[in-house]
Amino acid sequence: MSASASHITSVLKETRSFPPPPRFAAHAHIRSLEEYEELCQRARENPEAFWADQAERLHWFQRWQQVLDWKEPHAQWFVGGKLNASYNCLDRHLNTPHKNKAAIIWEGEPGESRILTYQTLHREVCQFANVLKALGMQPGDRVTIYMPMVPELAIAMLACARIGVTHSVIFGGFSADAVADRNNDAKSRLIITADGGWRRGKVIPLKDNVDEALTKSTTIEKCIVLNRCHQQITMKPGRDLWWHELMAQASADCPAVPLDSEHPLYILYTSGSTGKPKGILHTTAGYLLGTSLTHEWIFDLREEDTYWCTADIGWVTGHSYIVYGPLCNGATTLMYEGAPNYPREDRFWEIIEKYQVNIFYTAPTAIRAFIKWGDKWPNGHDLSSLRLLGSVGEPINPEAWMWYHTVIGKEKCPIVDTWWQTETGAIMIAPVPGAIATKPGSATRPFPGIIAEVVDRQGRPVPDNTGGLLVIRQPWPAMLRTIYGDDERYRQQYWNQVPHCYFTADGARRDSDGYIWIMGRVDDVLNVAGHRLSTMEIESALVHHPKVAEAAVVGRPDEIKGEGIACFVTLVGGVPASDELKKELREHVAHEIGALARPDDIRFTEALPKTRSGKIMRRLLRDIASGRETVGDTTTLEDYSALARLREEEA
Ligand code: WTA
């Protein structure tokens, strides 16, 4: 954590406020501020009783004996209980009117459409679970899933959950090396992939990436391949198996295994400020409770809703709010495979009109792109089915919020700006839309049962309207349990920064109405297009290149992506700087990590500005990268000329 982290100056002044539309509030799950405050009060006085009441919404094979066992920093929720996430998402809907309701509405990028009812989804999940069992997968084993956004991705996840296998989903945009690292860290026994997936009219060669990754993944025994795009690929005999061939022989009878509340449901890798990616571990009962409850209350879910979250399932948003939360609630969840601007910039609006989407959940980076593409695209479609809009992934700037409100929501849809993290599992701060007036740019108030505060480094609340560190005071059911294979890092990064608090690594301020305004990360993690990237990983990738001696990576404002990636690179002696080399380095990073980490700017420099103790002065680099004048203390700077020279460099 940087020294200045608890003294963040907040400059945002926003006074507009939008009360819940009365017609919306009248039918909402939580209808008034009083009702919301009562829930918060009850949860504050007796958190265990509050969460135990809510846990009744899940199906249990065996009830728990103890609600919470908390030995800081380790929580166990619903101790002694037995349940199954796949059963909760599927089986229990089968003897209700949900049986023939659409569970997943899927649209492929080329335009095909598939609708899986709860019953058909259940059948496919059972079959695939039998496939996994036949390949020897046992409860507790880890399986990697590296797939495009197709229903089979959700089927694979739910099949794992059904038999107690822990899945590790890797975003399809990651490179072979990233897949190999994650396979090795999780010690995955099996990988599920596809020949490819469609993105902007092109096929992403997933299987080729897997082939490369598997040359470095020592624990993988088998690879299951879905034929999505009819690509020419090589199938390695004995290792690679076709999805459709395995499924053709699999029985649809596969009872869900009763698992402990704390059985590991999944690992999802996310960026941390130091070292390799962190395998965030989520377990079963608390996670399912957190995602299903927040999904119902914050999106104010109704039986007849068509709900669309545009995230990729490779990120936590897709795990929690495309798959587990919605399916546990018996909702209809829409899944779209491809890009928002393919074949044209109105693809999302076309989908909303086609399926009469009621709830639309997307990211600020997408909203900024829509603004740039122009109002004619949404204005060319009937968006009147929409009744609630959501945002996630990064702070939404008030102007983007107003555009979303006006052009997409036609001033009638509440906007839920939802703050949360891979680690938190479920939404933590967001307006419960029938109860809380929204203010553009604020995630508003914590969910009932979540004790979020803005504090200094000692954990003392800072005065209202002062920037500080965002922490969570008490354990909550959907919280991460540890970093897979590295409990010490879990302690250090989340629980040893601010005494007796979960540290989010975000800065925030609270206004005098108790609203929280997120100010972004205080660690060395960039938020590029709503996705976390560690500067350290990009630096390692650069230094890996034989011509690079040293590298420092910082964020700089970017109109669309929120944050752009700016790199300062010192070359090995004698290597001449050139535009070709810049290009080569950008491609090198994209190859090592994934296209999403491709640097925006690269500057060559003879030296990096460092303190006398050798620490790179990132604040100065950030100023330079964003074209700002450097203000503040530079007295610890070792070599002033390094700074002057950097300024002269062209980006
Ligand atoms: C940022 C994504 C402001 C924040 C669910 C957080 C946000 C990080 C918001 C987590 C929001 C997410 N307003 N900032 N509504 N939502 N963030 O793990 O910095 O990919 O710590 O989880 O994104 O990113 P992650």
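## Helix H15

A residue counts as buried when its relative accessible area is under 20%. In this predicted model, helix H15, residues 398–408, is mostly covered, with nine of its eleven residues buried. These buried residues are Pro-398, Ala-400, Trp-401, Met-402, Trp-403, Tyr-404, His-405, Val-407 and Ile-408.

Several elements take part in covering the buried residues of H15. Among them are the helices H12 (347–355), H13 (364–373) and H14 (376–379). Strands E18, E19 (388–392) and E20 (415–418) are also included. Just after H15, Lys-410 has a positive phi of about 50 degrees.

## Aromatic pairs

The structure contains 35 aromatic pairs. In one of them, the ring centres of Tyr-321 and Tyr-361 are 6.1 Å apart and the planes stand at 85 degrees, so this pair is edge-to-face; the cut-off for that class is over 60 degrees. The pair joins distant parts of the chain, 40 residues apart: Tyr-321 belongs to helix H11 (residues 316–328) and Tyr-361 to strand E18 (residues 359–362).

Are these two tyrosines buried or exposed? Tyr-321 has a relative accessible area of 0% and is therefore buried. Tyr-361, at 1%, is buried too.

Ring pairs also build a cluster from Trp-308, Tyr-336, Phe-348, Trp-349, Phe-360, Phe-370, Trp-373 and Trp-403. Trp-403 is also one of the buried residues of H15.

## Charges over rings

Two arginines are placed over aromatic rings. The charged end of Arg-63 lies over the ring of Trp-64, at 4.5 Å from the ring centre. For Arg-182, the charged end lies over the ring of Phe-174, at 4.6 Å from the centre of that ring.

## Nonpolar cores

The largest nonpolar core comprises 168 residues, and Phe-128, Ile-192 and Tyr-324 have the most contacts inside it. Helix H6, residues 151–163, gives the most to this core, with ten residues.

What does Phe-128 touch, leaving aside residues up to four places away in sequence? Its contacts are Ile-155, Ala-156, Ala-159, Ile-192, Ile-224, Trp-243 and Met-247. Ile-192 is itself one of the residues with the most contacts inside the largest core.

Key:
Residues numbered from 1 in each chain as written. Predicted model: local features only at pLDDT ≥ 70, side-chain atom pairs only at ≥ 80, totals over all residues. Heavy atoms only, no water. Phe/Tyr/Trp six-rings, centres within 6.5 Å; stacked < 30°, edge-to-face > 60°. Helix = DSSP H or I, 4+ residues; strand = E, 2+ residues; numbered from the N terminus. Buried < 20%, exposed > 50% of the residue type's maximum accessible area, 1.4 Å probe, protein only. Lys NZ or Arg CZ within 6 Å of the ring centre and 35° of its normal. Contact = heavy atoms within 4.5 Å. Core = buried A, V, L, I, M, F, W, Y, C linked by side-chain atoms within 4.5 Å.
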